[in-house]
Amino acid sequence: MESAKRIIYNTFAQYFKSILTTVLALYSTRLVLNALGVSDYGIYQLVAGVVAMLGFVTNALVITTQRYISYYYGENNPQKVTSVFINSLFIHLIFGFALIIILYLLKGVIFNYWLKIDSTRFETAEFVYIMTIIMLFISIVIAPFKAMFIARENIVFISIVEIFDSILKLALAIWLTSTTTDKLMFYSVMMVAIQILNLLIFAVYSLHKFEECTLRLSRNTINKEYIKLLCGFAGWTTYGMGTIVVRNQGIAIMLNHFFGTVINAAYGLAFQVYGAISFVSTSILNAMNPQIMKAEGSNNRTKMMKLAEKESLYSVTLLLLIAIPFIIEMPNILNIWLDNDVPEYTVMFCDFILIAFLLDQLTYGLNTIMQALGTIKTYILLMYTPKLLSLALVWLLLSWNYTPSAVMWLYLIIELIVSIMRLPYLRHMVGLSISQYIRNVFVPIIPLTFALCIVCMAISQADISQYRFLLTTFAAIIVGIITIWFVIFHKEERTYTRNFISKLFHKC
(Lines give C-alpha, C1' and ligand atoms only; values in the text may rest on other atoms or scores of the structure.)
Protein backbone atom coordinates (compact mmCIF):
# COMPACT_ATOMS: atom_id res chain seq x y z
CA MET A 1 0.00 0.00 0.00
CA GLU A 2 1.45 3.40 -0.98
CA SER A 3 2.38 5.67 1.93
CA ALA A 4 -0.23 8.38 1.26
CA LYS A 5 -3.07 5.87 1.14
CA ARG A 6 -1.83 4.16 4.31
CA ILE A 7 -1.74 7.52 6.10
CA ILE A 8 -5.36 8.19 5.09
CA TYR A 9 -6.56 4.73 6.16
CA ASN A 10 -4.75 4.92 9.49
CA THR A 11 -5.94 8.46 10.17
CA PHE A 12 -9.52 7.45 9.37
CA ALA A 13 -9.26 4.41 11.66
CA GLN A 14 -7.86 6.51 14.51
CA TYR A 15 -10.42 9.25 13.91
CA PHE A 16 -13.37 6.86 14.00
CA LYS A 17 -11.95 5.11 17.05
CA SER A 18 -11.30 8.38 18.82
CA ILE A 19 -14.77 9.80 18.22
CA LEU A 20 -16.37 6.63 19.55
CA THR A 21 -14.03 6.28 22.53
CA THR A 22 -14.41 9.98 23.31
CA VAL A 23 -18.18 9.68 23.56
CA LEU A 24 -17.86 6.55 25.68
CA ALA A 25 -15.16 8.10 27.89
CA LEU A 26 -17.10 11.30 28.51
CA TYR A 27 -20.24 9.42 29.46
CA SER A 28 -18.22 6.99 31.60
CA THR A 29 -16.61 9.91 33.42
CA ARG A 30 -20.03 11.37 34.15
CA LEU A 31 -21.20 8.07 35.64
CA VAL A 32 -17.99 7.64 37.65
CA LEU A 33 -18.21 11.21 38.98
CA ASN A 34 -21.83 10.68 40.03
CA ALA A 35 -21.03 7.31 41.63
CA LEU A 36 -17.92 8.41 43.52
CA GLY A 37 -18.94 11.96 44.31
CA VAL A 38 -16.80 15.07 43.78
CA SER A 39 -14.57 14.43 46.82
CA ASP A 40 -13.75 10.76 46.04
CA TYR A 41 -13.35 11.57 42.36
CA GLY A 42 -10.91 14.32 43.34
CA ILE A 43 -9.03 11.81 45.52
CA TYR A 44 -8.77 9.37 42.61
CA GLN A 45 -7.55 12.09 40.24
CA LEU A 46 -5.01 13.31 42.79
CA VAL A 47 -3.63 9.94 43.93
CA ALA A 48 -3.69 8.32 40.49
CA GLY A 49 -2.22 11.51 39.09
CA VAL A 50 0.82 11.31 41.35
CA VAL A 51 1.64 7.85 39.95
CA ALA A 52 0.59 8.92 36.45
CA MET A 53 3.35 11.51 36.67
CA LEU A 54 5.58 8.56 35.81
CA GLY A 55 3.25 7.23 33.12
CA PHE A 56 5.01 9.58 30.69
CA VAL A 57 7.88 7.09 30.85
CA THR A 58 5.67 4.61 29.01
CA ASN A 59 5.04 7.10 26.22
CA ALA A 60 8.73 7.94 26.04
CA LEU A 61 9.63 4.27 25.70
CA VAL A 62 6.95 3.75 23.03
CA ILE A 63 8.34 6.70 21.06
CA THR A 64 11.90 5.40 21.44
CA THR A 65 11.10 1.85 20.38
CA GLN A 66 8.88 2.97 17.51
CA ARG A 67 11.52 5.45 16.33
CA TYR A 68 14.24 2.83 15.95
CA ILE A 69 11.94 0.14 14.58
CA SER A 70 10.60 2.54 11.93
CA TYR A 71 14.10 3.79 11.17
CA TYR A 72 15.45 0.27 10.61
CA TYR A 73 12.40 -0.62 8.54
CA GLY A 74 13.39 2.38 6.42
CA GLU A 75 16.85 0.81 6.13
CA ASN A 76 15.13 -2.49 5.20
CA ASN A 77 16.94 -4.29 8.04
CA PRO A 78 14.54 -6.71 9.85
CA GLN A 79 17.38 -8.22 11.93
CA LYS A 80 17.99 -4.87 13.61
CA VAL A 81 14.23 -4.50 14.14
CA THR A 82 14.20 -7.78 16.08
CA SER A 83 17.18 -6.70 18.17
CA VAL A 84 15.52 -3.39 18.99
CA PHE A 85 12.31 -5.13 20.08
CA ILE A 86 14.04 -7.72 22.29
CA ASN A 87 16.29 -5.22 24.03
CA SER A 88 13.42 -2.77 24.39
CA LEU A 89 11.28 -5.44 26.09
CA PHE A 90 14.17 -6.24 28.44
CA ILE A 91 14.55 -2.56 29.39
CA HIS A 92 10.81 -2.23 29.98
CA LEU A 93 10.68 -5.21 32.32
CA ILE A 94 13.70 -4.12 34.38
CA PHE A 95 12.52 -0.53 34.57
CA GLY A 96 8.96 -1.56 35.45
CA PHE A 97 10.01 -3.72 38.39
CA ALA A 98 12.40 -1.04 39.66
CA LEU A 99 9.64 1.57 39.46
CA ILE A 100 7.21 -0.58 41.45
CA ILE A 101 9.75 -0.96 44.28
CA ILE A 102 10.66 2.75 44.36
CA LEU A 103 7.05 3.95 44.30
CA TYR A 104 6.03 1.55 47.04
CA LEU A 105 8.90 2.69 49.27
CA LEU A 106 7.89 6.33 48.65
CA LYS A 107 4.26 5.72 49.66
CA GLY A 108 4.73 6.97 53.21
CA VAL A 109 6.47 10.16 52.14
CA ILE A 110 3.86 10.94 49.46
CA PHE A 111 0.86 10.45 51.73
CA ASN A 112 2.32 11.99 54.88
CA TYR A 113 3.97 15.05 53.35
CA TRP A 114 2.71 15.67 49.79
CA LEU A 115 -1.00 15.02 49.66
CA LYS A 116 -3.81 16.60 51.61
CA ILE A 117 -6.44 13.86 52.06
CA ASP A 118 -9.25 13.54 54.61
CA SER A 119 -8.35 11.05 57.35
CA THR A 120 -11.55 9.05 56.79
CA ARG A 121 -10.43 8.17 53.24
CA PHE A 122 -6.71 7.84 53.92
CA GLU A 123 -6.54 4.01 53.78
CA THR A 124 -8.69 3.90 50.66
CA ALA A 125 -6.43 6.44 48.98
CA GLU A 126 -3.39 4.28 49.82
CA PHE A 127 -5.12 1.27 48.24
CA VAL A 128 -5.84 3.30 45.09
CA TYR A 129 -2.15 4.25 45.03
CA ILE A 130 -1.09 0.56 45.03
CA MET A 131 -3.55 -0.28 42.24
CA THR A 132 -2.30 2.63 40.18
CA ILE A 133 1.31 1.44 40.57
CA ILE A 134 0.28 -1.95 39.17
CA MET A 135 -1.47 -0.22 36.24
CA LEU A 136 1.70 1.76 35.55
CA PHE A 137 3.82 -1.41 35.44
CA ILE A 138 1.41 -3.09 33.00
CA SER A 139 1.38 -0.04 30.73
CA ILE A 140 5.20 -0.10 30.68
CA VAL A 141 5.24 -3.76 29.61
CA ILE A 142 2.65 -3.06 26.89
CA ALA A 143 4.81 -0.30 25.40
CA PRO A 144 7.19 -2.33 23.14
CA PHE A 145 4.29 -4.33 21.69
CA LYS A 146 2.30 -1.17 20.97
CA ALA A 147 5.38 0.46 19.44
CA MET A 148 5.66 -2.46 17.02
CA PHE A 149 2.08 -1.96 15.86
CA ILE A 150 2.70 1.76 15.29
CA ALA A 151 5.97 1.15 13.45
CA ARG A 152 4.28 -1.49 11.27
CA GLU A 153 1.50 1.09 10.72
CA ASN A 154 -1.10 -1.40 11.90
CA ILE A 155 -3.19 1.35 13.46
CA VAL A 156 -6.49 -0.42 12.76
CA PHE A 157 -5.78 -3.14 15.34
CA ILE A 158 -4.78 -0.56 17.96
CA SER A 159 -8.03 1.28 17.26
CA ILE A 160 -10.10 -1.89 17.73
CA VAL A 161 -8.42 -2.70 21.05
CA GLU A 162 -8.90 0.85 22.32
CA ILE A 163 -12.60 0.80 21.38
CA PHE A 164 -12.96 -2.46 23.28
CA ASP A 165 -11.14 -0.87 26.22
CA SER A 166 -13.60 2.05 26.25
CA ILE A 167 -16.59 -0.28 26.13
CA LEU A 168 -15.24 -2.18 29.14
CA LYS A 169 -14.70 1.06 31.06
CA LEU A 170 -18.26 2.16 30.28
CA ALA A 171 -19.54 -1.18 31.55
CA LEU A 172 -17.45 -0.67 34.68
CA ALA A 173 -18.90 2.82 35.19
CA ILE A 174 -22.45 1.43 34.92
CA TRP A 175 -21.57 -1.39 37.32
CA LEU A 176 -20.07 1.15 39.72
CA THR A 177 -23.40 2.93 40.14
CA SER A 178 -25.01 -0.21 41.58
CA THR A 179 -22.24 -1.88 43.59
CA THR A 180 -22.56 -1.86 47.38
CA THR A 181 -18.84 -2.22 48.12
CA ASP A 182 -16.45 0.71 48.57
CA LYS A 183 -16.86 2.25 45.12
CA LEU A 184 -13.43 3.87 44.95
CA MET A 185 -11.60 0.65 45.84
CA PHE A 186 -13.76 -1.41 43.49
CA TYR A 187 -13.19 1.03 40.64
CA SER A 188 -9.40 0.93 41.02
CA VAL A 189 -9.29 -2.90 41.11
CA MET A 190 -11.38 -3.24 37.96
CA MET A 191 -9.26 -0.66 36.14
CA VAL A 192 -6.26 -2.90 36.82
CA ALA A 193 -8.15 -5.92 35.42
CA ILE A 194 -8.94 -4.03 32.19
CA GLN A 195 -5.27 -3.07 31.85
CA ILE A 196 -4.18 -6.70 32.22
CA LEU A 197 -6.57 -7.72 29.46
CA ASN A 198 -5.08 -5.05 27.18
CA LEU A 199 -1.60 -6.47 27.78
CA LEU A 200 -2.70 -9.99 26.88
CA ILE A 201 -4.36 -8.84 23.66
CA PHE A 202 -1.39 -6.82 22.41
CA ALA A 203 1.22 -9.40 23.42
CA VAL A 204 -0.52 -12.50 22.06
CA TYR A 205 -1.43 -10.91 18.73
CA SER A 206 1.97 -9.32 18.06
CA LEU A 207 3.89 -12.49 18.99
CA HIS A 208 1.68 -14.47 16.61
CA LYS A 209 1.57 -11.92 13.77
CA PHE A 210 4.98 -10.24 13.63
CA GLU A 211 8.12 -12.28 13.01
CA GLU A 212 10.28 -9.57 14.57
CA CYS A 213 8.51 -10.00 17.93
CA THR A 214 9.97 -12.64 20.23
CA LEU A 215 10.32 -13.35 23.95
CA ARG A 216 13.79 -14.93 23.58
CA LEU A 217 15.54 -12.93 26.29
CA SER A 218 19.01 -14.42 26.73
CA ARG A 219 22.69 -13.46 26.82
CA ASN A 220 22.84 -13.88 23.07
CA THR A 221 19.90 -11.58 22.33
CA ILE A 222 20.53 -8.90 24.98
CA ASN A 223 22.98 -6.44 23.42
CA LYS A 224 24.71 -3.71 25.41
CA GLU A 225 25.02 -1.46 22.36
CA TYR A 226 21.28 -1.53 21.67
CA ILE A 227 20.50 -1.01 25.36
CA LYS A 228 22.81 2.00 25.44
CA LEU A 229 21.26 3.37 22.24
CA LEU A 230 17.69 2.91 23.44
CA CYS A 231 18.35 4.16 26.96
CA GLY A 232 20.09 7.27 25.67
CA PHE A 233 17.23 8.25 23.40
CA ALA A 234 14.60 7.17 25.94
CA GLY A 235 16.34 9.08 28.70
CA TRP A 236 16.07 12.42 26.95
CA THR A 237 12.59 11.66 25.63
CA THR A 238 11.57 10.75 29.18
CA TYR A 239 12.97 14.02 30.46
CA GLY A 240 11.04 15.96 27.82
CA MET A 241 7.72 14.24 28.42
CA GLY A 242 8.39 14.17 32.14
CA THR A 243 8.63 17.95 32.33
CA ILE A 244 5.12 18.18 30.88
CA VAL A 245 3.62 15.64 33.26
CA VAL A 246 5.47 16.98 36.29
CA ARG A 247 4.36 20.50 35.33
CA ASN A 248 0.72 19.44 34.95
CA GLN A 249 0.63 17.32 38.09
CA GLY A 250 2.72 19.83 39.99
CA ILE A 251 0.06 22.44 39.29
CA ALA A 252 -2.56 19.95 40.54
CA ILE A 253 -0.66 19.42 43.81
CA MET A 254 -0.23 23.18 44.33
CA LEU A 255 -3.92 23.80 43.63
CA ASN A 256 -4.72 21.05 46.13
CA HIS A 257 -2.48 22.71 48.72
CA PHE A 258 -4.11 26.13 48.35
CA PHE A 259 -7.73 25.21 47.47
CA GLY A 260 -8.39 21.56 48.53
CA THR A 261 -9.53 18.45 46.62
CA VAL A 262 -12.63 19.98 44.99
CA ILE A 263 -10.54 22.10 42.62
CA ASN A 264 -8.63 18.92 41.68
CA ALA A 265 -11.92 17.57 40.35
CA ALA A 266 -12.25 20.63 38.09
CA TYR A 267 -8.61 20.39 36.98
CA GLY A 268 -8.93 16.62 36.38
CA LEU A 269 -12.13 17.07 34.37
CA ALA A 270 -10.41 19.69 32.21
CA PHE A 271 -7.71 17.18 31.31
CA GLN A 272 -10.43 14.63 30.57
CA VAL A 273 -11.79 17.08 27.99
CA TYR A 274 -8.26 17.68 26.71
CA GLY A 275 -7.71 13.93 26.39
CA ALA A 276 -11.02 13.59 24.56
CA ILE A 277 -10.06 16.22 21.98
CA SER A 278 -6.34 15.49 21.66
CA PHE A 279 -7.28 12.29 19.79
CA VAL A 280 -7.11 14.39 16.62
CA SER A 281 -3.43 15.06 17.10
CA THR A 282 -2.80 11.44 18.12
CA SER A 283 -4.53 10.25 14.94
CA ILE A 284 -2.24 12.34 12.76
CA LEU A 285 0.92 11.51 14.73
CA ASN A 286 0.33 7.75 14.70
CA ALA A 287 -0.43 7.84 10.98
CA MET A 288 2.48 10.05 9.88
CA ASN A 289 5.30 9.53 12.40
CA PRO A 290 6.34 6.08 11.10
CA GLN A 291 6.55 7.52 7.57
CA ILE A 292 8.73 10.39 8.80
CA MET A 293 11.08 7.99 10.63
CA LYS A 294 11.28 5.68 7.62
CA ALA A 295 12.04 8.63 5.33
CA GLU A 296 15.02 9.56 7.48
CA GLY A 297 16.07 5.90 7.66
CA SER A 298 16.07 5.73 3.86
CA ASN A 299 18.05 9.01 3.75
CA ASN A 300 15.19 10.95 2.12
CA ARG A 301 15.34 14.15 4.16
CA THR A 302 13.30 16.19 1.69
CA LYS A 303 10.35 13.84 2.13
CA MET A 304 10.83 13.88 5.89
CA MET A 305 10.65 17.69 6.03
CA LYS A 306 7.58 17.82 3.81
CA LEU A 307 5.75 15.19 5.88
CA ALA A 308 6.59 16.97 9.14
CA GLU A 309 5.23 20.21 7.73
CA LYS A 310 2.02 18.46 6.70
CA GLU A 311 1.79 16.84 10.13
CA SER A 312 1.65 20.23 11.84
CA LEU A 313 -0.82 21.63 9.33
CA TYR A 314 -3.22 18.68 9.37
CA SER A 315 -3.04 18.32 13.14
CA VAL A 316 -3.98 21.95 13.85
CA THR A 317 -6.55 22.01 11.05
CA LEU A 318 -8.47 19.00 12.36
CA LEU A 319 -8.10 20.17 15.96
CA LEU A 320 -9.66 23.53 15.12
CA LEU A 321 -12.80 21.83 13.75
CA ILE A 322 -13.51 20.42 17.21
CA ALA A 323 -11.68 22.73 19.62
CA ILE A 324 -13.29 26.02 18.54
CA PRO A 325 -16.93 24.89 18.90
CA PHE A 326 -16.00 23.17 22.19
CA ILE A 327 -14.33 26.31 23.58
CA ILE A 328 -17.25 28.54 22.60
CA GLU A 329 -19.91 26.11 23.87
CA MET A 330 -17.91 24.83 26.87
CA PRO A 331 -20.37 25.86 29.65
CA ASN A 332 -23.25 24.21 27.79
CA ILE A 333 -21.27 21.04 27.06
CA LEU A 334 -20.08 20.66 30.64
CA ASN A 335 -23.58 21.17 32.05
CA ILE A 336 -24.95 18.39 29.84
CA TRP A 337 -21.99 16.08 30.43
CA LEU A 338 -21.95 16.52 34.22
CA ASP A 339 -25.72 16.90 34.65
CA ASN A 340 -25.42 20.55 35.80
CA ASP A 341 -22.96 19.59 38.56
CA VAL A 342 -19.91 21.39 37.17
CA PRO A 343 -17.16 22.14 39.71
CA GLU A 344 -16.00 25.75 39.88
CA TYR A 345 -13.16 26.72 37.49
CA THR A 346 -13.79 23.73 35.17
CA VAL A 347 -14.74 25.92 32.17
CA MET A 348 -11.71 28.15 32.68
CA PHE A 349 -9.31 25.20 32.95
CA CYS A 350 -10.77 23.57 29.83
CA ASP A 351 -10.50 26.71 27.68
CA PHE A 352 -6.91 27.51 28.63
CA ILE A 353 -5.69 23.93 28.22
CA LEU A 354 -7.26 23.53 24.77
CA ILE A 355 -5.91 26.86 23.48
CA ALA A 356 -2.43 26.02 24.80
CA PHE A 357 -2.60 22.65 23.07
CA LEU A 358 -3.49 24.30 19.75
CA LEU A 359 -0.50 26.64 20.05
CA ASP A 360 1.83 23.71 20.75
CA GLN A 361 0.58 21.78 17.73
CA LEU A 362 1.40 24.66 15.37
CA THR A 363 5.02 23.49 15.26
CA TYR A 364 4.79 19.97 16.65
CA GLY A 365 5.80 18.39 13.35
CA LEU A 366 9.25 19.89 13.94
CA ASN A 367 9.45 17.87 17.14
CA THR A 368 8.98 14.73 15.04
CA ILE A 369 11.88 15.77 12.80
CA MET A 370 14.17 15.88 15.83
CA GLN A 371 13.01 12.40 16.89
CA ALA A 372 13.74 11.11 13.40
CA LEU A 373 17.22 12.63 13.45
CA GLY A 374 17.96 11.04 16.84
CA THR A 375 20.04 14.01 18.09
CA ILE A 376 17.63 15.27 20.73
CA LYS A 377 19.65 16.19 23.84
CA THR A 378 20.04 19.95 23.26
CA TYR A 379 16.61 20.22 21.68
CA ILE A 380 14.90 18.59 24.68
CA LEU A 381 16.76 20.76 27.18
CA LEU A 382 15.85 23.99 25.37
CA MET A 383 12.23 23.19 24.58
CA TYR A 384 11.07 21.42 27.71
CA THR A 385 13.01 22.89 30.63
CA PRO A 386 10.98 26.16 30.58
CA LYS A 387 7.82 24.10 31.21
CA LEU A 388 9.38 22.58 34.30
CA LEU A 389 10.75 25.87 35.62
CA SER A 390 7.29 27.44 35.33
CA LEU A 391 6.28 25.54 38.50
CA ALA A 392 8.33 27.98 40.57
CA LEU A 393 6.33 30.86 39.09
CA VAL A 394 3.07 29.01 39.75
CA TRP A 395 3.98 28.65 43.42
CA LEU A 396 4.80 32.36 43.64
CA LEU A 397 1.52 33.36 42.00
CA LEU A 398 -0.53 31.22 44.37
CA SER A 399 1.52 32.37 47.38
CA TRP A 400 0.73 35.97 46.39
CA ASN A 401 -3.00 35.10 46.40
CA TYR A 402 -3.45 35.13 42.62
CA THR A 403 -6.41 33.16 41.28
CA PRO A 404 -6.14 29.87 39.32
CA SER A 405 -6.79 31.83 36.10
CA ALA A 406 -3.43 33.61 36.54
CA VAL A 407 -1.76 30.20 36.74
CA MET A 408 -3.39 29.18 33.46
CA TRP A 409 -2.31 32.40 31.74
CA LEU A 410 1.27 31.50 32.66
CA TYR A 411 0.66 27.96 31.34
CA LEU A 412 -0.55 29.40 28.01
CA ILE A 413 2.33 31.87 27.58
CA ILE A 414 4.99 29.20 28.19
CA GLU A 415 3.39 26.89 25.58
CA LEU A 416 3.39 29.72 23.02
CA ILE A 417 7.04 30.61 23.65
CA VAL A 418 8.20 27.00 23.31
CA SER A 419 6.18 26.49 20.13
CA ILE A 420 7.81 29.53 18.50
CA MET A 421 11.29 28.51 19.69
CA ARG A 422 11.17 25.36 17.54
CA LEU A 423 11.39 27.41 14.34
CA PRO A 424 14.87 28.99 14.77
CA TYR A 425 16.22 25.78 16.31
CA LEU A 426 15.19 23.66 13.32
CA ARG A 427 16.57 26.33 11.00
CA HIS A 428 19.91 25.88 12.74
CA MET A 429 19.75 22.06 12.74
CA VAL A 430 18.34 21.13 9.33
CA GLY A 431 18.09 24.40 7.41
CA LEU A 432 14.36 24.88 7.91
CA SER A 433 13.00 27.82 5.95
CA ILE A 434 10.98 29.76 8.54
CA SER A 435 9.27 31.91 5.91
CA GLN A 436 8.24 28.80 3.96
CA TYR A 437 6.97 27.11 7.13
CA ILE A 438 4.91 30.19 8.03
CA ARG A 439 3.55 30.34 4.48
CA ASN A 440 2.68 26.65 4.32
CA VAL A 441 1.42 26.12 7.89
CA PHE A 442 0.50 29.36 9.67
CA VAL A 443 -1.05 31.34 6.80
CA PRO A 444 -3.64 28.73 5.69
CA ILE A 445 -4.81 28.29 9.30
CA ILE A 446 -5.73 31.98 9.74
CA PRO A 447 -8.81 32.08 7.44
CA LEU A 448 -9.96 28.72 8.80
CA THR A 449 -9.75 30.00 12.39
CA PHE A 450 -11.68 33.19 11.56
CA ALA A 451 -14.38 31.30 9.63
CA LEU A 452 -14.91 28.82 12.47
CA CYS A 453 -14.99 31.49 15.17
CA ILE A 454 -17.54 33.62 13.30
CA VAL A 455 -19.89 30.71 12.61
CA CYS A 456 -19.67 29.21 16.10
CA MET A 457 -20.08 32.53 17.89
CA ALA A 458 -23.09 33.43 15.74
CA ILE A 459 -24.87 30.15 16.54
CA SER A 460 -23.93 30.33 20.23
CA GLN A 461 -25.96 33.55 20.55
CA ALA A 462 -29.16 31.72 19.64
CA ASP A 463 -31.27 30.27 22.44
CA ILE A 464 -32.21 27.12 20.51
CA SER A 465 -32.10 24.20 22.89
CA GLN A 466 -30.01 22.49 25.54
CA TYR A 467 -28.16 20.62 22.80
CA ARG A 468 -27.22 23.68 20.77
CA PHE A 469 -23.58 22.65 20.84
CA LEU A 470 -24.41 19.83 18.38
CA LEU A 471 -25.55 22.38 15.80
CA THR A 472 -22.52 24.54 16.51
CA THR A 473 -20.16 21.60 16.04
CA PHE A 474 -21.94 20.41 12.89
CA ALA A 475 -21.84 23.91 11.36
CA ALA A 476 -18.14 24.21 12.27
CA ILE A 477 -17.35 20.93 10.54
CA ILE A 478 -19.26 21.91 7.36
CA VAL A 479 -17.67 25.36 7.17
CA GLY A 480 -14.31 23.82 8.08
CA ILE A 481 -14.46 21.21 5.33
CA ILE A 482 -15.29 23.88 2.73
CA THR A 483 -12.46 26.11 3.93
CA ILE A 484 -10.03 23.21 4.05
CA TRP A 485 -10.92 22.21 0.48
CA PHE A 486 -10.31 25.67 -0.98
CA VAL A 487 -7.65 27.09 1.38
CA ILE A 488 -5.71 24.26 3.07
CA PHE A 489 -5.57 21.69 0.26
CA HIS A 490 -3.38 22.16 -2.79
CA LYS A 491 -4.49 21.07 -6.22
CA GLU A 492 -2.81 17.65 -6.00
CA GLU A 493 -4.37 17.03 -2.58
CA ARG A 494 -7.85 17.81 -3.90
CA THR A 495 -7.25 15.47 -6.84
CA TYR A 496 -6.01 12.67 -4.60
CA THR A 497 -8.94 13.11 -2.22
CA ARG A 498 -11.45 12.94 -5.08
CA ASN A 499 -9.88 9.74 -6.38
CA PHE A 500 -9.70 8.21 -2.90
CA ILE A 501 -13.38 8.93 -2.15
CA SER A 502 -14.40 7.68 -5.59
CA LYS A 503 -12.56 4.39 -5.09
CA LEU A 504 -13.98 4.07 -1.58
CA PHE A 505 -17.57 4.45 -2.78
CA HIS A 506 -16.89 2.13 -5.71
CA LYS A 507 -15.74 -0.60 -3.31
CA CYS A 508 -18.82 -0.08 -1.13
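Student: Why is Asp 165 called buried?

Tutor: In this predicted model, Asp 165 has a relative accessible area of 11%, and because buried means under 20%, Asp 165 is placed in the buried class.

Student: How do you know that Lys 169 and Asp 165 meet in a salt bridge?

Tutor: The distance from N to O between the two side chains is 3.1 Å, and since a salt bridge asks for a Lys or Arg side-chain nitrogen within 4 Å of a carboxyl oxygen of Asp or Glu, the pair qualifies. Both residues lie in helix H6, residues 155-176, where they are 4 residues apart, about one turn of the helix. Lys 169, at 31% relative accessibility, counts as partly exposed, because that class lies between the 20% and 50% limits.

Student: What makes Arg 422 and Asp 360 a salt bridge, and which parts of the chain does the pair link?

Tutor: Their closest N and O atoms are 2.9 Å apart, which falls within the 4 Å limit, so the pair is counted as a salt bridge. This pair links distant parts of the chain, with Arg 422 in helix H16 and Asp 360 in helix H13 (residues 346-361), 62 residues apart. Both Arg 422 and Asp 360 are buried.

Student: What makes Glu 415 and Lys 387 a salt bridge, and are these residues buried or exposed?

Tutor: The closest N and O atoms of Glu 415 and Lys 387 are 3.4 Å apart, and because the limit is 4 Å, the pair counts as a salt bridge. Here too distant parts of the chain are linked, since Glu 415 belongs to helix H16 and Lys 387 to helix H15, 28 residues apart. Glu 415 has a relative accessible area of 5% and Lys 387 one of 2%, so each is buried by the rule of under 20%. Glu 415 and Lys 387 are also linked with Arg 247 in a network of salt bridges, and the count for the model comes to 6 salt bridges.

Student: Which residues touch the most other members of the largest nonpolar core?

Tutor: Phe 349 and Leu 426 do so, in a core of 159 residues. Helix H5 (residues 122-151) provides the largest share of this core, 19 residues. Leaving aside residues up to four places away in sequence, Phe 349 touches Leu 255, Ile 263, Ala 266, Tyr 267, Ala 270, Pro 404 and Met 408.

Student: Why is Asn 299 called exposed, and what is its phi?

Tutor: Asn 299 has 69% relative accessibility, and because exposed means over 50%, it counts as exposed. Its phi is positive, about 65°, although Asn 299 is not a glycine, and its place is in the loop between helix H10 (279-297) and helix H11 (301-328). Asn 401 likewise counts as exposed, at 70% relative accessibility, and has a positive phi near 70°; its place is in the loop between H15 and helix H16 (404-430).

Notes
Residues are numbered from 1 along each chain as its sequence is written. This is a predicted model: local features need pLDDT of at least 70, side-chain atom pairs count only at pLDDT 80 or more; totals for chains, interfaces and linings use all residues. Side-chain values use heavy atoms; hydrogens and water are left out. A nonpolar core is a set of buried Ala, Val, Leu, Ile, Met, Phe, Trp, Tyr and Cys residues joined through side-chain atoms within 4.5 Å. Buried means under 20% relative accessible area, exposed over 50%, partly exposed in between (1.4 Å probe, protein chains only). Helices (H or I, at least four residues) and strands (E, at least two) are DSSP runs, numbered from the N terminus. Contact means heavy atoms within 4.5 Å.
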